[in-house]
Amino acid sequence: ETLRQLNAFCDARPSFDVIYITNQLADPTAGQDRHKDAVRIKVATYAVTSKMCLPSVSCNVCGTEFYPMPFAHFVGNTFAASCFYIQDLMAPQMLEGKMRDVAGEVLLARLRRRFSTNLFELNSQNLGLGRYSVEHWIGGHPDLRPCDVAPTAAAAEGSESASSQGPMEGYKRMAAPRRGGALPGSMNEEKESQFRTKRESAFREYHYLAGNIYKWHRLYGRAPREDGWAWRWFPDGPLWEAAAQKSGANAVREVAMQLGVDGGGSMEQFWVE
């Protein structure tokens with residue numbers, strides 16, 4: 001409901017900026033460590049409400065830490081964003097249904113080996129099903145220009161070490177992604193580093209560009225522009241950019257042709273309109 005109201009506010013006031021803070025910053029793995037949760041919430045709230053996190057032309061959404069995988073998101077789903085960007089997002093109440101449709105298509109495509117899922121499992125959160133669709137909302141548009149403010153060293157330690165020196169010690173806004181591919185502890189980073197070099201296997205990975213391009217087209221009808229962050233960060237970005245411009249949601253087939261491997265056929269058969 002809060003995101004729906006935020007979306008409506010931005011539709012009426014595109015020149016404004018907004019801040020969204022949730023209760024998802026508490027760490028369920030922390031057990032009874034309330035101090036750790038309190039520090040995390042304090043730092044994240046201070047960060048997104050500070051001047052350093054104000055949106056700009058080069059950064060339309062800012063948070064403490066941005067990660068591209070398993071889907072583009074900001075830690076705690078807490079962010080500051082430009083209404084000019086938010087007004088182009090699908091209404092949150094519509095996104096839930098769309099994500100359900102996409103999830104069904106993706107699961108079927110995986111069974112037919114159109115996509116692979118070597119890095120993460122396709123669970124409800126990673127697919128954006130039900131209540132998890134809100135976590136996919138802010139980072140799901142192809143025009144996303146993310147930035148974050150937490151120092152990378154602090155992120156690796158749960159953002160607690162820097163906060164002990166002062167609320168914003170070491171914090172600085174920079175273009176994202178600029179740290180690991182996923183939240184520390186959620187992925188085997190050594191495995192991912194090795195996997196992304198295996199072009200004939202990695203090109204079909206759902207959590208890389210194959211899946212992202214498909215979702216962008218299903219939700220918004222196009223891929224990012226040539227200066228989009230994803231082309232710089234994911235493996236073989238320039239190759240995928242050219243394929244997406246030429247073949248749209250079927251970019252995986254185009255890339256497969258260039259790599260000389262089986263592309264698994266067209267994805268158009270899975271579209272549910």
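Colleague: Starting with the link of Cys59 and Cys147: left-handed or right-handed?

Modeller: Left-handed, with -60° about the S-S bond. This is a predicted model, where local features need pLDDT of at least 70, side-chain atom pairs count only at pLDDT 80 or more, and totals for chains, interfaces and linings use all residues. Residues are numbered from 1 along each chain as its sequence is written, and side-chain values use heavy atoms, with hydrogens and water left out.

Colleague: What is the S to S distance for Cys59 and Cys147?

Modeller: It is 2.0 Å, and a disulfide here is a pair of cysteine sulfur atoms within 2.5 Å.

Colleague: Which parts does that pair tie together?

Modeller: Cys59 sits in the loop between helix H2 (34-48) and strand S2 (61-63), and Cys147 in strand S6 (residues 146-148), so the bond ties parts 88 residues apart in sequence. Helices (H or I, at least four residues) and strands (E, at least two) are DSSP runs, numbered from the N terminus.

Colleague: Is Cys59 buried or exposed?

Modeller: Buried, at 1% relative accessibility. Cys147 is buried too, at 2%. Buried means under 20% relative accessible area, exposed over 50%, partly exposed in between (1.4 Å probe, protein chains only).

Colleague: How many disulfides are there in the whole structure?

Modeller: Three. Another joins Cys10 to Cys83, S to S 2.1 Å. The torsion about its S-S bond is about -55°, so that disulfide is left-handed. Cys10 lies in helix H1 (residues 2-12) and Cys83 in helix H3 (residues 83-86), so the pair ties together parts 73 residues apart in sequence.

Colleague: What is the relative accessible area of Cys10?

Modeller: 0%, so Cys10 is buried. Cys83 is buried as well, with 0%.

Colleague: And how far apart are the sulfur atoms of Cys53 and Cys62?

Modeller: 1.9 Å, and they form a disulfide. Its torsion is about -95°, so this disulfide is left-handed. Both Cys53 and Cys62 are buried.

Colleague: What is the pairing in sequence order?

Modeller: Number the bonded cysteines of the chain in sequence order, and the pairing is 1-5, 2-4, 3-6.

Colleague: Switching to strands. Which residues point which way from S5?

Modeller: S5 covers residues 79-82. Phe79 and Ala81 point one way, Ala80 and Ser82 the other, and all are buried. In a regular strand the side chains alternate between the two faces of the sheet.

Colleague: How many bridges join S1 to S5?

Modeller: Four, and the strands run antiparallel. S1 spans residues 17-20. Ile19 stands opposite Ala80 in S5. S2 also pairs with S5 in the antiparallel sense, over two bridges. There, Val61 stands opposite Ala81. Two strands pair if DSSP finds at least two bridges between them.

Colleague: Now helices. At what angle do H10 and H12 pack?

Modeller: About 30°, with their axes 11 Å apart. H10 is residues 209-220 and H12 is residues 237-247. Axes are lines fitted to C-alpha atoms, for helices over the stretch in contact, and angles run from 0 to 180 degrees between N-to-C directions.

Colleague: Which residues meet?

Modeller: Leu209, Ala210, Ile213 and His217 in H10 meet Gly237, Trp240 and Ala244 in H12. Contact means heavy atoms within 4.5 Å. By class, the H10 and H12 contact has five nonpolar, two polar and no charged residues. Ala, Val, Leu, Ile, Met, Phe, Trp, Tyr, Cys and Pro count as nonpolar, Asp, Glu, Lys and Arg as charged, and the others, Gly among them, as polar.
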